[in-house]
Amino acid sequence: MRAIGLILAGGSSSRMKEMTMNRATAALPIAGGYRSIDFALSSMSSSRINKVGVITQYNSKSLTQHLSSSKWWDFGRKQGGLFVFTPTQTHDNSYWYRGTADAIAQNIDFLKTSHEPYVIIASGDGVYKMDMNKLLEYHIEKNADITIVTKDLGRVDDPSRFGVVTVDSDGMVTEFEEKPIVTSKTLVSAGIYVIRRRQLIEMVERAGEEDGFDLVKDIFIRYKGIKKIYAYSIDSYWSNITTVDSYFKTNMDFLNRETRDYFFNEYPQISSKIEDLPPAKYNVGSNVKNSLVSSGCIINGEVKDSVLFKEVYIGNNCTIRNSIILNDIYIGDNTYIENCIVESHGTIRANSNYVGEKDNIKIIQEKNERYVL
């Protein structure tokens, strides 16, 4: 592959509420046994991008633990590899990352010491699968300075979550507005970009001299009309998990067989860090319908239309409906949960009742009494 990869995984989202109090957005659990960043890493690995840098900052502990070994994504090799960058104070810089462009600027040596002519930049909060070789071929064919991966949502979503793009008949970007308050347009940026390595270095350094710290606002949008910016549209599954509703919907999408087959049975598959856990156990009296149940779970009650992550215990006479139960949860007997997300490492007391609404998912975060001395 003639490109290196750069994954921006240092951000947080206030719209995720309690979900990002203790983890970065890129570390959010997805589909029972994955993390959000696995999808970008797997796409780059399957596209034979041998060298990938991950830039972290906010609540990076669980993310760096997840990335502690590069072998899961086949980056453990002599040439290239997986590199994790965190903010570092130096003699001439004591700032945390002030934006995506500043994050790249503070790790500019990663770009300068590489030899590949192109850089593929991706955010760590997207759920998708794509062949980045075709993306690079398109970029070269169009002789583009910058290529932006776009997705037509088909309807007007919350525009303040996305960069909104307008293109001409040849695919050239004519308008690019980052997170507008109001728009009627449905073509949005997927947060994946291609640019020449030397050009990126030049743009980032120039932006830094002018106190420009955001990659999109201070570089890409600024150069619109000056540089040739093209859009590469994808028609396959893509989701951005920066709100509670989008996170819930994305996980629920994996209850659809077509979505599961696309990600996990069709080549290339999604890779992730593997834990040695026993298979799920369904005790007498359990009843599970249309649900994802991960390794290490023990089910005694009823689970319907739900996603259970690793090491979840469901007590006797419990009912779980249309909910997401994250890792390492103990749910006591006679508990009813519907339209909820239960945060990791918690204990739900017996006889509890938690009910959210389909358009207002409730987040449950209980004190973990199992580990109190």
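Five strands form an open sheet in the order 15-18-21-24-27, and their pairing is parallel. Strands here are DSSP runs of type E with at least two residues, helices are runs of H or I with at least four residues, and both are numbered from the N terminus; two strands count as paired if DSSP finds at least two bridges between them. At the edges of this sheet lie strand 15 (287–289) and strand 27 (353–355), each of which pairs on one side only. From one strand to the next the twist averages 5 degrees, where axes are lines fitted to C-alpha atoms (for helices, over the stretch in contact) and angles run from 0 to 180 degrees between N-to-C directions.

The model is a predicted one, in which local features need pLDDT of at least 70 and side-chain atom pairs count only at pLDDT 80 or more, while totals for chains, interfaces and linings use all residues. Residues are numbered from 1 along each chain as its sequence is written, and side-chain values use heavy atoms, with hydrogens and water left out.

Within the sheet, strand 15 pairs with strand 18 (residues 302–304) in the parallel sense, over three bridges. In one of these strands, strand 18, V303 is the bridge partner of V288.

Another loop, between helix 9 (257–265) and strand 14 (281–282), contains P268. The peptide bond that joins Y267 and P268 is cis, with an omega of about -5 degrees.

Elsewhere, V167 belongs to strand 9 (residues 163–167) and is partly exposed, with a relative accessible area of 32%. If residues up to four places away in sequence are not counted, V167 touches M172, V173, T174, L187 and A231, contact meaning heavy atoms within 4.5 Å. Between V167 and I229 there are 62 residues of separation in sequence, and their C-alpha atoms are 9.5 Å apart in space.

Note on methods:
Buried means under 20% relative accessible area, exposed over 50%, partly exposed in between (1.4 Å probe, protein chains only).
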